[in-house]
Amino acid sequence: MSARTTAVHRDGRHDARGFDVERIRADFPILQLQVNANPLAYLDNAASAQMPQAVIDRFVRYRTREHANIHRGVHYLSEVATREYEAVRAKVCAFLNVHDEREIVYTSGTTDSINLVMHGYGRKFIGRGDEIILSVLEHHSNIVPWQMLAEEKGAHIRVIPCNDAGELLVDAYEQLFTPRTKIVGLTHVSNALGTINPVKEMIAIAHRQGVPVLVDGAQAVPHLPVDVKDLDCDFYAFSGHKLCGPTGVGILYGKARHLEAMQPFKGGGDMILSVSFEKTTYNDIPYKFEAGTPPIEQVIGLGAAIDYLSAIGIGEIQAHEDELLRYATDRLGALNGVRIVGTAAHKASVLSFVVDGVHPHDIGTLLNEDGVAIRTGHHCAQPVMQRFGVPATARASFAFYNTLREVDVLTEAIVRAQKVFAV
Ligand SMILES: Cc1ncc(COP(=O)(O)O)c(C=O)c1O
């Protein structure tokens, strides 16, 4: 499927490049909802994206025709479920440009993937006095596990600062390395500001020091083409539900040599080759990290979401979202009393802002009356809020099914909120 047409106009149906957004929207039943007697303008995609009918249909097919537990079953349904579940590894490989399916571990989400690296790699290879480098832009899920490890082991966390635009200071980053640096954790795209970090360059810097890098890709994979071989990252984590797939599933990509060297995080069925009370032999990668009955239908749903997005093309998605972001930045930037937080030169799909004299929470509540769904708060990135001296922001975050018209609705709703508060 291609959403491109030859039409080039801003009629709410096509963007300036002719991306047929109405055709895309027809794939998403939930976007037809009315909220408070207004059409839903769903601008909370960084928290979770919506599911197209193709993913919903895939669930129905699985539940009505394919469900059984996977691996080792000799009956028809177990074989079908196993085949469909395992086939998703190849889809994820193609999506991330990975050539070895053993490097794809199914998890329950980005948080779970990062915790797996912390337990599997960190607890084995990081000790007293060692150092972990994280950026100030990290989501709590790429901070708290490392703090837990640092506390347990007596290790230290070093933080990469950012400038007032929300761009990481690469020179300062380079200065943070010492012979004790054991791992770097970096978000590819900041969920609070939308900054696209120069992860390829930053990974190369770490590798020159012999240090592996974990990239949190939760906010990148839905918006940018990601090639982990080109990035040369050691680990890459993302969640299904931000990618138009289901909750409860995520991916950890890890270089085979790291995954081989890591200890398992969870013990149980399926992650073993043999068990006796004297000795357990673990399964090969990636199964060593997939204990217990996995989220079978969620994995299969994630595969359907990847198929759907790949058919549109992540490049097409990125170009449409870039136009939405540019337009929204212009419109909100022109409003008196509205300040955009995060003005990096390279951004993806996120517009954080504060309105003078109105708490972000009140902005969110008033926008909801107009059917506009945004998120307000610290976005699980309190260090970012501290860096910018705000307790919270309002955050509009775009997906490829959003329209320029919805940006207008957002802008008008903010102006109405300002009037309510007589700002
Ligand atoms: C950058 C980033 N990392 C990690 C996460 C955590 O993802 P999950 O809750 O799906 O594990 C999020 C969720 O918002 C995020 O935006």
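Student: How much area is buried between domain 1 and domain 2, and what share of that area do carbon and sulfur atoms give?

Tutor: About 3,100 Å² is buried between domain 1 and domain 2, and carbon and sulfur atoms give 59% of that area. Buried area is the accessible area (1.4 Å probe) that two parts lose on being put together, summed over both. The model is predicted: local features need pLDDT of at least 70, side-chain atom pairs count only at pLDDT 80 or more, and totals for chains, interfaces and linings use all residues. Residues are numbered from 1 along each chain as its sequence is written, and side-chain values use heavy atoms, with hydrogens and water left out.

Student: Which three residues supply 21% of the area that domain 1 buries against domain 2?

Tutor: Met51, Ile314 and Arg387 do, more than any other three residues.

Student: Why is H12 called oblique to H14?

Tutor: The axes of H12 (residues 360-369) and H14 (residues 404-420) cross at roughly 120°. Angles under 35 degrees count as roughly parallel, over 145 as roughly antiparallel, 65 to 115 as roughly perpendicular and the rest as oblique. Therefore H12 is oblique to H14.

Student: What makes up the contact of H12 with H14?

Tutor: H12 gives Ile363, Leu366, Leu367 and Glu369, while H14 gives Leu410, Ala413, Ile414, Arg416, Ala417 and Val420; contact means heavy atoms within 4.5 Å. By class, eight residues of this contact are nonpolar, none polar and two charged. Ala, Val, Leu, Ile, Met, Phe, Trp, Tyr, Cys and Pro count as nonpolar, Asp, Glu, Lys and Arg as charged, and the others, Gly among them, as polar.

Terms used. Axes are lines fitted to C-alpha atoms, for helices over the stretch in contact, and angles run from 0 to 180 degrees between N-to-C directions. Helices (H or I, at least four residues) and strands (E, at least two) are DSSP runs, numbered from the N terminus.
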